[in-house]
Amino acid sequence: WSTAQGHALARRALAEGIGLYPATPYYARPPREAEFVLGYAALNRPQIRFGIQRLAALLDEGGGSRRA
């Protein structure tokens, strides 16, 4: 995924209440491909499971392009 595609997915995830953040700000030079940070430190296991299931659903709904 390009970083632009990654940012689009992160915005969509945020709209769904999922803490998925682009890792781009943590690099001195932006990466070529999208990388993410998942925010889950304050969540319990059921909340984490729900967030991962919702993220998977976003990907299945076309929330981002997948590479083969």
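**Overall architecture and the setting of Ala4**

The protein has 2 helices and 2 strands. These elements follow the pattern α-β-β-α when read along the sequence. The model is a predicted one. Along the principal axes, the C-alpha atoms of the protein fill a box of roughly 35 × 25 × 20 Å.

Of its 68 residues, 25% count as buried. Among the contacts with a separation of 6 or more, 50% are accounted for by residues 24 or more positions apart.

The surface and the charged side chains were also examined. The accessible surface of the protein comes to about 5,100 Å², and carbon and sulfur atoms contribute 55% of that area. The protein carries 9 positive and 5 negative side chains. The centres of these two sets of side chains lie 4 Å apart.

Ala4 lies in helix H1, which spans residues 3–15. The relative accessible area of Ala4 is 53%; because exposed means over 50%, Ala4 is classed as exposed. Along the chain, Ala4 and Glu33 are 29 residues apart, and the C-alpha atoms of Ala4 and Glu33 are separated by 8.9 Å in the model.

Conventions:
Residues numbered from 1 in each chain as written. Predicted model: local features only at pLDDT ≥ 70, side-chain atom pairs only at ≥ 80, totals over all residues. Heavy atoms only, no water. Helix = DSSP H or I, 4+ residues; strand = E, 2+ residues; numbered from the N terminus. Buried < 20%, exposed > 50% of the residue type's maximum accessible area, 1.4 Å probe, protein only. Contact = heavy atoms within 4.5 Å. Areas by Shrake-Rupley, 256 points an atom, 1.4 Å probe, with all protein chains shown as cover. Lys, Arg positive; Asp, Glu negative; His and termini not counted. Charge placed at Lys NZ, Arg CZ, Asp CG, Glu CD.
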